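Some notes on the side-chain packing follow, as numbered points. Please read them alongside the coordinates.

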Amino acid sequence: MPSQADLERNLKLYPWFAMSLESLFWAPVFFLLFSSKFPIAQVLQLEGIYYLAVVILEVPSGYISDRLGRRPTLIASALFLALSYILFFIGDSFDVFLVAKILMAIGFAFKSGADVSFHYDSHQALGRTDRFGDAEARVASLNFRGAAGAALIGGFAGMGDLSFPFAFSAIASFGAMGMMAICAEPTRSGERSISGFGAQLAGTLGMLKDR
């Protein structure tokens, strides 16, 4: 059971954790890096595999977050992203970039939903759900500013070497992992028993009936 001080620390660190993972220094230059190493057909193949992997992993990652907890899922997200960025930084072959893309997909899928849930659960455990909307809006604002600053820095770094921005993102991801490691797993009051993966998937698909 986390203490109030632990939960307060969650709320202080979470915005900086979120901003660190949203600091995509590589965003302005990744296509230039890929196209400098591979023909356009292989570049598009890498992107297609990435998006396919994200779609496939989206539901299982939510199930993992429910089972293992938000904190370990977010730590794993930051780690997978950091590893993918390192491979992009040092890699020079299509196979290495393919592995990096899959790791990136795992990282973003693990982050999706678990981050907001962690933020909400921390507010709920403190009895402050009425403040969650404003707090999440502030996080979004910080993320936009962080992403804009990272894009600017990454663009300038890419003028020296197109792989440098990935190194910056790896550092930011390791920083995010460290911040989440010292956070506490928030308890979820009134938490329902978690059904099996098959039942959750069936329930999700059942939502398609609602136009």
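1. F38 and F97 are both buried in this predicted model. Their rings form an edge-to-face aromatic pair, with 5.2 Å centre to centre and 80° between the planes. F38 lies in the loop between α2 and α3 (40–68), and F97 in helix α5, so the pair ties together parts that are 59 residues apart in sequence.

2. The structure holds 18 aromatic pairs. One of them joins F34 and F97, again edge-to-face, at 5.4 Å centre to centre and 75° between the planes. This pair links distant parts of the chain: F34 belongs to helix α2 (residues 30–37) and F97 to helix α5 (residues 94–111), 63 residues apart. F34 is buried, as is F97.

3. Which residues do ring pairs link into a cluster? They are W26, F30, F34, F38, Y85, F88, F94, F97 and F166.

4. A ring also takes part in a contact with a charge: the charged end of K101 sits over the ring of Y50, 4.7 Å from its centre.

5. The side chain of S122 has two polar partners to check. With the side chain of N10 it makes a polar contact at 3.2 Å, and it reaches the backbone oxygen of F118 at 2.9 Å. Setting aside neighbours within four places in sequence, S122 is in contact with L7, N10, L11 and P186.

Notes:
Residues numbered from 1 in each chain as written. Predicted model: local features only at pLDDT ≥ 70, side-chain atom pairs only at ≥ 80, totals over all residues. Heavy atoms only, no water. Phe/Tyr/Trp six-rings, centres within 6.5 Å; stacked < 30°, edge-to-face > 60°. Helix = DSSP H or I, 4+ residues; strand = E, 2+ residues; numbered from the N terminus. Buried < 20%, exposed > 50% of the residue type's maximum accessible area, 1.4 Å probe, protein only. Lys NZ or Arg CZ within 6 Å of the ring centre and 35° of its normal. Polar contact = N/O pair within 3.5 Å; in protein donor to acceptor, adjacent residues only side chain to side chain. Contact = heavy atoms within 4.5 Å.
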